[in-house]
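Biologist: I have a model open and would like to learn how to read it. Could we start with a helix?

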There are 2 protein chains.
Amino acid sequence: MKTLHVELGERRYPIHIGPGLLDRVELLAPHVQGREVMIVSNETVAPLYIDTLRRGVAGAARIDSVVLPDGEQYKTLEIMNRIFDALLRVRYSRRCVLVALGGGVIGDMAGFAAACYQRGVDFIQVPTTLLSQVDSSVGGKTGVNHPLGKNMIGAFHQPLCVLADTATLDTLPDRELSAGLAEVIKYGLICDLPFFRWLEQNVELLLARDGEALSYAIERCCRNKAEVVSADEREGGVRALLNLGHTFGHAIETGMGYGQWLHGEAVATGMCMAAAMSQGLGWLDDETVRRIERLITAARLPVAPPSQLSSERFLELMAVDKKVQDGRIRLILLHRLGSAVISDDYPQPVLQATIANARGRHG
Amino acid sequence: MKTLHVELGERRYPIHIGPGLLDRVELLAPHVQGREVMIVSNETVAPLYIDTLRRGVAGAARIDSVVLPDGEQYKTLEIMNRIFDALLRVRYSRRCVLVALGGGVIGDMAGFAAACYQRGVDFIQVPTTLLSQVDSSVGGKTGVNHPLGKNMIGAFHQPLCVLADTATLDTLPDRELSAGLAEVIKYGLICDLPFFRWLEQNVELLLARDGEALSYAIERCCRNKAEVVSADEREGGVRALLNLGHTFGHAIETGMGYGQWLHGEAVATGMCMAAAMSQGLGWLDDETVRRIERLITAARLPVAPPSQLSSERFLELMAVDKKVQDGRIRLILLHRLGSAVISDDYPQPVLQATIANARGRHG
């Protein structure tokens, strides 16, 4: 097991990474001993792991659970309300702890519910997908979607700890594994060129679920993320770079209907579009863009957006994003491979051409 | 006009109190100039004051509004979602400002929506009821109700400023004026004996809407509240004293169905019950309890709970409250007139007798 820390002063917390952590009482006891524990999970993950986790939180004064439907389309205020229903039915107090057992959707909703229940209670992230282990479980971004925009309603709320049990990846569907690789590749692109090169060499091992390779990748991503979050918890600056591909990606997710494209798939395509746009601005050469696309393709991820979304609609969807400022869409772009920048100072036609060209790839 | 401040370091903010402030551009411009402004109001208040307020925020880059139904029964996640709908329909960015124009329900919902929209945007409180001017608009408590418990879902989120236009009280129904007096009397009871005495002398003037008396009372309450909030923003200690009568009161509000009893009415009765319980513990004498009840009655507020709620049900409802800790209901009680204490260390029969006796007053 490896342990990293997100350095946030009083709210510093550990990320434990390794196989078989779910029932390691000594990792969970410091946070749950003698407290009310509500496990929040979904219909897919709960049958697989909830009993193991119950052993892990055995020191709790009381353990209950609420099981939500599985999928991005259920990441709504309405479904989140079921967590409040469950908490109030058993009259959990302000001292209770929510435990998110699942992927990014569960982590985001349980975390947001924890931020709001009685104006804020503690929570623990137990991510069971590659995507949530490398990215979404760390950093305290929580929230739900709105039909008009992804992650538009939420809070910053840091967990007490993150427990990334790599053994849970054994049961992850291939499509979800690939989706997780999108966020892994992201770290290579934005700030870690050596890691990008390592990924080029090892993507097949990751797809084959080689334990050592996966652990290495998860740890490296968490290390990168922890550093960025420690420096800029509320996304006043550098943290925004973690959104590479996300404004393009959110447009795809919202436009297609949540749950059609997986978040990682949309981000993968979004990163290709960001790379193409960076080329349009003269920052990347053609070979670098192709190299990025090759890695994304090797990870079995899409490089072009769905043909159903017209260019006009795509742009309209991008305009509803948290990164819009004074009417300008702020984009994360690549100044060079391994180095991202935030920019809202680009010629609008370059963005339009990027979208049109990406769509054109469907022939 | 008087101006007080809530001292919270970087988040320090002013409370302006006086007649005719709604369209004082110089008070609002520093907060809204060049920004997107969403006025959140209700069907009762909007027709009366929204146009005046629009002149006050004239320096905004854009002004929109969303008008919600009026009443505590509408303080729900579902109705709050309409604020998000409105914000996203016009694609408001993270730099937007929400302005709450109305009573406590509007302030709580608009504030909570501001806390969550894009993970947090700014907001301004423009309270138009006595209750919200003296209490709920100051201090950053925001939230909505759940069918199983009052204010159970929310956030701490401080406004940029509070604009208490005392002229808006001219249109306040008598019942709401009295409800506001409950929170006014609360400040006398918990920490300001001289003010309690002043209220005994001046309650008729307040009911007659004497401008000077109202302004004095509002300023005095805000001064008390600002001091408490500055010392304990997150209610780790002394701030809890502001909840005198509220745990009893919430039981009435939730038990009767939100909107049946006004919040202030329920708090008034709750304060009488807290006083009776303090007497049961030997802290107050009979005459003091009667004196409190006389003032509350003079303010045209109820001193006994509704007979519909059985003692068992009442206790059950009290057990769902944010102040419950380790299964014990923490109550705010009066150690003496003008001095409140938090206690969870009382004999349970005293609480049961308090509820039974209060119910018995219906004969």
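Modeller: Gladly! This is a predicted model. Take helix α11 of chain B: the cover over its buried residues includes α6 (174-191), α7 (193-207) and α10 (263-280) of chain B.

Biologist: Which residues of α11(B) are buried?

Modeller: Ile292(B), Leu295(B) and Ile296(B) are. Looking down the axis of α11(B), you find its buried residues within an arc of 100°, so they line one face of the helix. On the other side, Asp286(B) and Glu287(B) are exposed.

Biologist: What span should the 13 residues of α11 of chain B have?

Modeller: Counting 1.5 Å a residue, residues 286-298 should span 18 Å, and the end C-alpha atoms are 18 Å apart, which agrees. After α11(B) comes Arg300(B), with a positive phi near 65°.

Biologist: How many residues does each chain bring to the contact?

Modeller: Chain A gives 28 residues and chain B gives 28 residues. On the side of chain A that touches chain B, the largest share, six residues, comes from β8(A). That side divides into 14 nonpolar, eight polar and six charged residues. Also, 100% of the interface residues of chain A are interface residues in chain B too, so the copies meet through the same surface.

Key
Residues numbered from 1 in each chain as written. Chains lettered and ligands numbered in written order. Predicted model: local features only at pLDDT ≥ 70, side-chain atom pairs only at ≥ 80, totals over all residues. Contact = placed C-beta atoms within 7 Å. Helix = DSSP H or I, 4+ residues; strand = E, 2+ residues; numbered from the N terminus. Nonpolar A, V, L, I, M, F, W, Y, C, P; charged D, E, K, R; others polar. Expected span 1.5 Å × (residues − 1). Buried ≥ 20, exposed ≤ 12 C-beta atoms within 10 Å, placed from the backbone. Arc of directions from axis to C-beta.
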